[in-house]
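Work through the exercises below with the sequence and the model side by side, and try each task before reading its solution.

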Amino acid sequence: MKKIALILSFIVAIVTSCTVEPNDVTAERIQNQNLIEPTFMSGDLNNVPYVNLRPQTYTGVTSMQTEVETYQMTPTVQYNYLLLQGSDITLTDAPQSTSILIDIRIPECKWAVGTYNLSDDLTTGINGLDCVARLIEIGGETKTRLVSGSLTITEFNLATSTIKGTFNFTYQRRNGSVYEGSYELTNGAFKYKLDAPFFN
């Protein structure tokens with residue numbers, strides 16, 4: 001009987017010493033999501049995925065990710081817009097047939113967490129109030145017009161110099177003097193450093 005008790009004690013000691021702490025699956029999943037989270041801009045253009053779309057002037061880590069444009073409307077009125085640009089080519093690259101450029105301009109009054117309408121940049125113009133966007137299908141040399149869209153800023157943090165969010169829009173392509181069709185950009189996402197000199 002003593003032998004059995006000793007054997008059982010020995011087994012319990014081994015099992016106890018080999019116990020593994022439970023894995024925090026949620027924390028691990030969040031960490032993995034952070035690793036694969038899109039940087040710059042991404043989205044599905046008519047079901048074709050585009051990832052890692054960067055400013056056309058971005059050639060390396062020393063390049064600026066964002067720009068603040070100032071529009072002087074009158075001698076006393078000016079509007080500041082944050083430009084988020086995404087393209088699969090730089091200014092020195094030769095465009096491919098599928099190359100695109102997306103510009104999203106956010107007025108200073110909307111540099112905050114929230115959901116905003118996206119308007120066509122040429123139709124709405126620069127009024128200091130509306131978020132505007134444009135899509136240029138560089139490869140096909142096709143002009144487009146935004147019909148409707150929305151932009152959601154999920155993070156605007158000057159302490160960490162980060163802007164992050166999602167967007168989507170529908171648009172038409174120009175054929176001669178008319179705009180035709182209904183096309184979509186879905187699952188749009190962005191994450192940029194607020195590194196424009198304006199924020200220093």
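Strands here are DSSP runs of E with at least two residues, helices are runs of H or I with at least four residues, and both are numbered from the N terminus; two strands pair if DSSP finds at least two bridges between them. The model is predicted, so local features need pLDDT of at least 70 and side-chain atom pairs count only at pLDDT 80 or more, while totals for chains, interfaces and linings use all residues. Residues are numbered from 1 along each chain as its sequence is written, and side-chain values use heavy atoms, with hydrogens and water left out.

**Exercise 1.** Trace the pairing of strand β8 with strand β9 and the turn that joins them.

Start with the strands: β8 (residues 142-157) and β9 (residues 162-175) run antiparallel and are joined by twelve bridges. Then inspect the hairpin, where four residues lie between the strands and Ser161 has a positive phi near 55°.

**Exercise 2.** Do likewise for β9 and β10.

Strand β10 (residues 178-193) pairs with β9 in the antiparallel sense, again over twelve bridges, and Phe167 has Gly188 of β10 as its bridge partner. This hairpin has two residues between the strands, and Gly176 adopts a positive phi near 70°.

**Exercise 3.** Find what Asp121 touches beyond its neighbours within four places in sequence.

Methods. Contact = heavy atoms within 4.5 Å.
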